[in-house]
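Hello,

Here is the structure I promised to hand over. Have a look at it first, and then read my notes below.

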Amino acid sequence: MLEPVELKDFFIVFFSGAMVIMAGALYALLFAWSRLQSKPWMMVLAYASYGILFISVLVLGSAAHLHGFWWWLVITMLVGYLLAPHGIWNLCVATHASSVAPEADEKDLEPGSNQPINKTIKEESV
Amino acid sequence: MNNATPWWSSEVFWKKTAIWVTGSMFVVLIILTLDSIPKITAGSERVPAYSVINKHIDYKFNDERNIQVPLIGGEDPLFGKMLSEEEAEALVSYGKKITQGRNCMGCHTLLGNGSYFAPDLTKAWLDPGWSSEEEREEMMIAFLMDPVENARSFGSGRMMPNLHLSRGEAMAVVAFLKWMSSIDTNGFPYNFTVIDKEG
Amino acid sequence: MKLDHLNGGQQLAVKYYTVAISLFVAQIIFGLLSGMQYLYPELLFGMLDFNVTRTVHINAMVVWLLYGFIGSVYWLLEEESETEIVGLKLGQLAFWVLTSAVAVVVLVFLLVQSGPGDDFTRWFVNEGREYIEAPRWADIGIVICMLVFFYNVAATFSKGKWSGISGVLTLDLVALAGIYLAGMFYTPNISVDQYWWWWVIHLWVEATWEVLVGCLMAWGLMKVLKVDRKIVTTWLYIEVALMFGSGILGLGHHYFWIGTPEYWLTIGGFFSALEPIPLVAMVVHAVYDAGARHMKGNNNPALAWLIAHAFGNFFGAGVWGFMHTLPQINLYTHGTQWSASHGHLAFFGAYATIVIAMIYIAVPYMRGQKGLGSNLPDGGWKWKWSLGLLNMGVVGMTVALLISGYEQSFIERAVGGSTWYGYFSAQTHPWFIQGMEWRMIFGLITSVGIVLLVWDLLTIGKGRVAQEREQTQAVA
């Protein structure tokens, strides 16, 4: 069953909805930055952003009447947005681990060049 | 292969994952489609048969679902003429073809989809702007045949252009609109006020 | 312009890019007309009504983006497959057939406009379904031209060599062409009609186009930033998994109110909440990349437009999409200027930007140069200003439409109960009108941006050619 948003809560829903995504991105950004530059104090800011996200999700959940089955959406968002940057960061580290140094293939591209960017790639078909 | 790459970050793993995720999501979509299509086929509970234009249509609040839902009542034939299922389908279909040929969606929304330059037509049949149920049919015909003369722009200055509909064409469009108003749209549009029963 | 030094695919690409930019200009002209008609309803009344100007506005957009995508794929085809394009002549024929068809369709939209409610109208005048208004004969023509395009892509890669990017690209093109067929039939049942219509619109815009752009982006990153191919390919797969994983069933958010069963409310709500996750992934990855390698590009305009793409995609699709996607609020915003606001930023941010970036990648090669660095003779003011004005214009329009849409969801939907009277009381409200006025002002800013963009594309780097030629002549 759907409980439509009440008129007085319109702005809250739009604003908290936007804040979920913005705070989610800010958390991801600060998290990655902190890891990249080994700056632990930035991690505090990252989790502060997540705190904003947490509050925004709860506000959205109450204003948009996300009760009953819809409560799972709130849980999913809280857990999903918390863990996603961790997972993606680990993937970044792991996928780049095997790569050659970026400078290695850095040469000027000739006009109309038919040169492949990286010839070491092995052939594969999908 | 480079040993430094764990299995969960390897190219092959993600290639397989991409294929499996895409494939399974698509299969789920197909299954849901197979379930949904019968439920929106004309003659189903949510999308009534075309002959519903022979009946009275209302839009009432349903406490259990917490939204307004269409209510199909007793006999109330469109333009006073009872139609068979085939005749009704032919008329509604003609009406829909006219709305496509005149590109109504270029200004209006139908079921909320289209353009936002003119009112939504989902429940146009039930709109209180048509004065009363008694006058509704004639008013709709007159408006569709000469929307400039019978402009209903509520002070906005916006008018529907004359699309040169014949009386027969206008009747078909009204039939299509009446049928569309009987579709269960999960409460869209919300908080709708229905036309007066009497003038 | 002499293009003999380009390979066959690239020569074809230049043709597609030229038409793409021309249609982009047409899109903006007709967008301006549509916007003006909100403010001055008598403008061209009875001659070129809103339904005509708006139809051309949105169709020009769909077609110019498609031309941009096709052009981009042709541009990278020979380099990626390491062989010559298989059907150059056929490709050229298809280009002229498609372009003539587009021209005829636009002329019919403008001059014939509408027809009676019969099959002839749908086959030869106007199908009257938003975004796919093109009459049936043109649909068939489009499918044939897409098949030629697909043949050229698949056969060229088969003759040369496959890679991860080309594999994803080719499969995506199959899906893209196949899904178009879902929109090519008539049914009197509007619910069934819109059910399949959304397959075309949503599965193009929020699934197959996204992946196509992912392929172009992957290639663009290798080209502009020299990112390692293996990494780019792995990440393309990760993105495909995330995008199709959330985007295919995200289709559910279009099935809230068209007659479809109630379970779509839950499915649509959940998967819409997941759709921003690929965007979060991109943020983390972009930061990682920025730190892991020197951001040394040889093409500043392309790089700037790629960055605009990242931001535009995030705000347009992510923030603007999520704000009104849950059914509890979408009940009020569906079919209002909210949709227009979201549409403007999302289409521009996710797609227009990347096509412009791809064209900028091509431009120096067309002029036989190495790149478009920071040492442009005029300081590159034209591309910088066009970038700034186009982005400012679209963002401004988006915010203006948002204000109108916010007011509309209040006055028309919540208070007015969505009746015709409610609709018009919202349309005459000062907030709405002011929103429309600001939209128009930012629309004009956008148009100045496009003029500069066209001027820049026609001239950028030309001074340098002259300088280089003078130097060679002096040596000789």
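**Two helices in chain C**

In α1(C), the residues C:Gln10, C:Ala13, C:Val14, C:Tyr17 and C:Ala20 meet C:Val355, C:Ile359, C:Ala362, C:Tyr365 and C:Met366 in α13(C). Contact here means that the C-beta atoms of two residues, placed from the backbone, lie within 7 Å. Helices (H or I, at least four residues) and strands (E, at least two) are DSSP runs, numbered from the N terminus. By class, this contact has 9 nonpolar, 1 polar and no charged residues (Ala, Val, Leu, Ile, Met, Phe, Trp, Tyr, Cys and Pro count as nonpolar, Asp, Glu, Lys and Arg as charged, and the others, Gly among them, as polar).

The axes of α1(C), residues 8-39, and α13(C) come within 11 Å and cross at roughly 130 degrees; axes are lines fitted to C-alpha atoms, for helices over the stretch in contact, and angles run from 0 to 180 degrees between N-to-C directions. The two helices are therefore oblique to each other (under 35 degrees counts as roughly parallel, over 145 as roughly antiparallel, 65 to 115 as roughly perpendicular and the rest as oblique).

Before you go further, please note that this is a predicted model, in which local features need pLDDT of at least 70 and side-chain atom pairs count only at pLDDT 80 or more, while totals for chains, interfaces and linings use all residues. Residues are numbered from 1 along each chain as its sequence is written, and chains are lettered from A and ligands numbered from 1 in the order in which they are written.

**Where chain C meets its neighbours**

With chain B, 70 residues of chain C are in contact with 73 residues of chain B. On the chain C side, α8(C) gives the most, 11 residues. That side has 31 nonpolar, 28 polar and 11 charged residues.

With chain A, the contact takes 55 residues from chain C and 53 from chain A. Here α10(C) supplies the largest share of the chain C side, 10 residues. The residues of that side divide into 30 nonpolar, 15 polar and 10 charged.

**Chain B**

Chain B averages a pLDDT of 94, and 97% of the residues score at least 70; pLDDT is the predictor's confidence in each residue, from 0 to 100. Chain B is divided into domain 1 (10-40) and domain 2 (50-180), with bounds from an automatic or database domain assignment. The centres of these two domains, taken over C-alpha atoms, are separated by 38 Å.
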